[in-house]
Amino acid sequence: MPETAESRASVHDSLQRVTELLHKHEVVESLVHRQQGPRQELVEDLVHRMHVVEVQKLLEALHPADVAYILEALPLEQRLIAWDLLKPEREGEILLEVSDAVRETLIAHMDERELVAATEGLDTDEIADLAPDLPREVIQDVFRSLTPEEREQLRAAMSFPEGTVGALMDFDMISIRDDITIEVVLRYLRRLDEMPELTDQLFVVDRAGVLEGLLPVNKILVTDPEIAVTAVMRREFVKFRPDEKAQDAAQAFERYDLVSAPVADGDGKLIGRVTVDAVMDYIREETDSDMLSAGGLREDEDLFASVWKSVRNRWTWLALNLVTAFIASRVIGLFEQSIAQLVALAALMPIIAGISGNSGNQTITMIVRALALGQISTPSARKLFAKEIGVSALNGLIWGGVVGLFAFLIYHNWQLGAVMMGAMVLSLLLAAVMGVTIPLMMQRLGRDPALGASVMITAITDSGGFFIFLGLATVFLV
């Protein structure tokens with residue numbers, strides 16, 4: 001169900017109400033512990049009825065995704081209180097919705113029996129999503145509770161690496177034979193308790209299970225029941241292999257406006273399907289990962305994680321940033337005498353570094369997006385270099401002229417204005433070259449192109465901008 005303004009407001013209201021109730025619960029509970037004698041048990045019972053039960057009712061009325069949103073927004077102590085109030089049969093669905101960091105805290109709070117109960121009601125592809133976070137003993141217990149067919153599906157789903165179509169694959173689908181009529185299909189569908197979610201088409205296979213075509217559901221409703229399936233099925237369609245990149249599948253879903261698509265093995269046999277909700281989840285996770293990587297975070301972080309854990313998550317790129325800051329300070333130190341003789345240099349040099357850093361971040365954003373969409377090849381990369389250099393040169397001349405005029409009007413020194421303009425052009429050219437080079441090199445090394453990109457480009461443009469501006473000023477002014 002698409003999120004509307006009303007639904008968002010409702011979730012926020014629920015979060016606020018849960019927070020208020022849990023806060024009252026904690027306040028009154030602290031008072032309870034100060035009580036002595038038989039009154040304490042009575043007060044505890046009243047607290048439970050007044051606050052905890054109301055929180056439980058509120059959470060039970062919400063969609064699992066909304067409960068996950070609330071849990072992620074609660075501090076750890078309150079989160080665990082709310083988690084204990086949920087029914088065991090809902091816990092599996094909610095674990096699928098929460099972020100990886102929050103899921104880790106919830107699983108650590110559950111014992112083996114609770115984890116088995118939470119996962120038993122899930123589909124095999126959903127269990128596979130949770131499997132990396134579950135203890136080995138829990139996975140073994142879950143395996144024993146499945147049917148032989150479900151065990152094979154779970155083994156298959158767990159065998160595919162993250163980031164592949166197989167990891168997104170869903171086994172809950174409807175396949176039909178190619179030698180039947182529409183009437184037989186209708187009788188078969190009527191015997192089902194319900195159709196799998198997002199069923200917009202049925203998958204037509206032969207006796208060996210090889211995928212032959214697709215039969216849209218709307219076609220079934222308007223076709224003469226006596227007509228054979230092969231006469232109306234679609235023979236041209238998009239299908240995937242389980243070892244293909246999930247990114248390629250996401251692009252295909254966007255390009256062709258797909259709701260579902262079949263997954264077939266190397267022999268063409270149907271083994272599963274990919275649905276648009278799984279693709280949307282993948283895109284959201286990749287977007288979140290790119291944002292974290294660009295900011296220098298190693299992994300998803302719980303907002304209310306311990307101080308030490310958050311420090312460990314952030315220190316790598318902070319340490320690198322510190323090193324680059326020392327380098328920038330030494331670059332400035334090389335020109336101390338020039339700055340001492342012309343104090344205006346100290347006031348103007350942040351302008352060069354700031355503009356070039358912003359330009360470099362713009363270039364990196366465009367390149368990372370293009371890489372994610374698969375739009376850059378080796379020949380096009382050369383043209384991209386030329387294009388970005390042209391853009392930076394023109395921007396350098398325009399904005400360099402503006403800052404040069406600014407420097408002349410403030411300090412009445414046309415040579416200083418000319419140096420500002422030249423430094424702006426050269427700094428923007430450096431930003432363009434590095435803005436293209438950094439993500440391309442990261443991809444060639446097999447790393448995420450967005451990983452620490454903004455940190456690196458800022459460091460390079462700061463040091464480079466200072467060196468270019470102060471170097472030109474030393475040569476032509478001092």
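**A walk through the model**

Guide: Ala407 is buried, with a relative accessible area of 0%. Keep in mind that this is a predicted model.

Visitor: Which helix is Ala407 found in, and is Ala407 buried or exposed?
Guide: The cut-off for buried is under 20% relative accessible area. Ala407 has 0%, so it counts as buried. As for the element, Ala407 sits in helix H20.

Visitor: Leaving aside neighbours within four places in sequence, which residues is Ala407 in contact with?
Guide: A contact here means heavy atoms within 4.5 Å. With neighbours within four places in sequence set aside, the list for Ala407 is Leu348, His412, Leu416, Gly417 and Met420.

Visitor: How far apart in space are Ala407 and Ala246, C-alpha to C-alpha?
Guide: In sequence, 161 residues separate Ala407 and Ala246. In space, C-alpha to C-alpha, Ala407 and Ala246 are apart by 52 Å.

Visitor: His412 turned up in that contact list. Where is His412, and what is its phi?
Guide: His412 is placed in the loop between helix H20 (378-411) and helix H21 (414-444). At 65% relative accessibility, His412 counts as exposed. Most residues other than glycine have a negative phi. His412 is not a glycine, yet its phi is positive, at about 55°.

Visitor: What about Leu198: buried, partly exposed or exposed?
Guide: Leu198 has its place in the loop between helix H12 (182-190) and strand E2 (201-205). Its phi is positive too, near 60°, and Leu198 is a residue other than glycine. With a relative accessible area of 33%, Leu198 is partly exposed.

Visitor: Over to the strands: how many residues of strand E4 are buried?
Guide: Both faces of E4 are covered, with Ser260, Pro262 and Ala264 buried on one side and Ala261 and Val263 buried on the other. Strand E4 (residues 260-264) is therefore largely enclosed by the rest of the structure, and the buried count is five of the five.

Visitor: Which residue in E5 is the bridge partner of Pro262?
Guide: E4 and strand E5 (residues 270-275) run antiparallel, joined by five bridges. The two strands form a hairpin with five residues between them, and Gly268 in the turn has a positive phi of about 85°. In E5, the bridge partner of Pro262 is Arg273.

Visitor: How many aromatic pairs does a search of the whole structure find?
Guide: Ring centres have to lie within 6.5 Å to count as a pair. By that rule, the search of the whole structure finds two.

Visitor: Is the pair of Phe240 and Phe253 stacked or edge-to-face?
Guide: Phe240 lies in the loop between helix H14 (229-232) and helix H15 (246-256) and Phe253 in helix H15, so the pair ties together parts 13 residues apart in sequence. Phe240 counts as buried at 5% relative accessibility, and Phe253 is buried at 5% as well. The centres are 6.2 Å apart with 15° between the planes, and the pair is stacked.

Visitor: And what kind of pair do Phe335 and Phe467 form?
Guide: Phe335 is in the loop between helix H17 (307-333) and helix H18 (336-341), and Phe467 is in helix H22 (residues 453-476), so this pair links distant parts of the chain, 132 residues apart. Phe335 is buried at 11% relative accessible area, whereas Phe467 is partly exposed at 46%. The ring centres of Phe335 and Phe467 are 5.9 Å apart and the planes are at 70°, so the pair is edge-to-face.

Note on methods:
Residues are numbered from 1 along each chain as its sequence is written. This is a predicted model: local features need pLDDT of at least 70, side-chain atom pairs count only at pLDDT 80 or more; totals for chains, interfaces and linings use all residues. Side-chain values use heavy atoms; hydrogens and water are left out. Helices (H or I, at least four residues) and strands (E, at least two) are DSSP runs, numbered from the N terminus. Buried means under 20% relative accessible area, exposed over 50%, partly exposed in between (1.4 Å probe, protein chains only). Two strands pair if DSSP finds at least two bridges between them. Rings of Phe, Tyr and Trp (its six-membered ring) pair if their centres lie within 6.5 Å; planes under 30 degrees apart count as stacked, over 60 as edge-to-face and the rest as tilted.
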